[in-house]
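This report is for a reader who is new to the structure shown here.

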Amino acid sequence: MRMRKKKHSGERIEACARFLIKEPLSCFENLSAPFGVERPTLLEIGCGKGDFARQLSAKFTDHNIIAIERVPDVAMTALEKAAASENERPDNLRFIIGHAQYLSDWFAPNSFERIYVNFCDPWPKTGYHKRRLTAPTFLRVYRSLLVSGGELHFKTDNQPLFDWSLEQFEAEGLEIVFVTRDLHSSEKAAENLITEYEHHFSSMGMNIYSAHVRFPKKDGENE
Ligand SMILES: C[S@@+](CC[C@H](N)C(=O)[O-])C[C@H]1O[C@@H](n2cnc3c(N)ncnc32)[C@H](O)[C@@H]1O
């Protein structure tokens with residue numbers, strides 16, 4: 001997501017500090033500390049301006065939600081929107097400004113019930129596929145971070161990325177529990193929470209592709 005550099009971003013992020021996990025490494029020891037209450041936790045990677053994360057927060061009131069965004073100015077918008085809507089939601093949403101490559105440094109195995117990846121960068125050039133958030137190296141990290149039977153929920157507008165991702169899910173031995181090439185006409189349409197990019201693409205008449213993938217643990221793994 002490209003954005004013009006925003007003014008006073010340091011001060012503006014600091015003004016929303018109560019929604020920010022400044023030291024994500026601390027989550028490894030105590031995932032619930034930023035929330036002050038222990039609850040099952042959901043993770044969104046690449047949250048953009050945070051519309052989806054805020055909807056998750058309102059829908060899953062008995063969960064803690066962590067949303068990660070690597071671009072500070074984009075994360076700042078997510079933080080400011082979260083702050084502006086704090087009276088409409090439970091206090092269960094926190095953000096991390098950082099890159100998903102550090103996930104296994106930040107979080108202990110079995111930390112999350114579900115991971116969401118929505119409209120991730122497609123990295124179309126050959127040689128860059130390993131940067132995709134559905135690449136095998138990421139899927140192996142997700143397997144570790146998810147509880148046994150935990151799920152990845154993936155949405156995209158990009159058919160080649162979707163087809164490639166399904167191949168990776170299969171190659172990693174994951175169970176595809178839901179798949180659609182037209183989410184908004186599927187049986188999951190009513191419960192679907194719409195992201196910023198999803199709103200944009202669907203208003204242009206584009207199909208939204210989605211898969212829910214379950215991660216069984218291998219014997220003895222992270223038990
Ligand atoms: C195409 S936007 C989609 C934003 C939002 N999920 C949506 O659906 O509207 C992808 C977002 O993911 C972020 N992102 C991409 N790769 C990331 C990574 N490895 N770690 C954290 N954030 C990432 C980008 O900065 C960008 O804001």
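## Overall layout

The chain has 7 helices and 7 strands. The model is predicted. Starting at the N terminus, the elements follow the order α-β-α-β-α-β-α-β-α-β-α-β-α-β. The radius of gyration of the chain is 17 Å, close to the 17 Å given by the globule rule for 223 residues, so the chain is as compact as a globular protein of that length.

Along the principal axes, the C-alpha atoms occupy a box of roughly 45 × 45 × 35 Å. Of contacts between residues at least 6 apart in sequence, 78% link residues at least 24 apart.

## The interior

Of the 223 residues in the chain, 39% are buried. The largest nonpolar core contains 51 residues, and Ala 67, Ala 78, Leu 79, Phe 95 and Ile 115 have the most contacts inside it. Helix H3 (residues 72-84) supplies the largest share of this core, with 6 residues.

Apart from neighbours within four places in sequence, Phe 95 is in contact with Phe 19, Leu 20, Ile 21, Ala 67, Glu 69, Ala 75, Ala 78 and Leu 79. A second, separate core has 5 residues, among them Leu 161, Phe 162, Leu 183 and Tyr 209.

## Helix H5

Helix H5 spans residues 136-145, and its buried residues are Phe 138, Leu 139, Tyr 142, Arg 143 and Leu 145.

Technical notes: Residues are numbered from 1 along each chain as its sequence is written. This is a predicted model: local features need pLDDT of at least 70, side-chain atom pairs count only at pLDDT 80 or more; totals for chains, interfaces and linings use all residues. A residue is buried if 20 or more other C-beta atoms lie within 10 Å of its own, exposed if 12 or fewer, and partly exposed in between; C-beta atoms are placed from the backbone. Helices (H or I, at least four residues) and strands (E, at least two) are DSSP runs, numbered from the N terminus. The radius of gyration is taken over C-alpha atoms; the globule rule is 2.2 Å times the number of residues to the power 0.38. Two residues are in contact if their C-beta atoms, placed from the backbone, lie within 7 Å. A nonpolar core is a set of buried Ala, Val, Leu, Ile, Met, Phe, Trp, Tyr and Cys residues joined through C-beta atoms within 7 Å.
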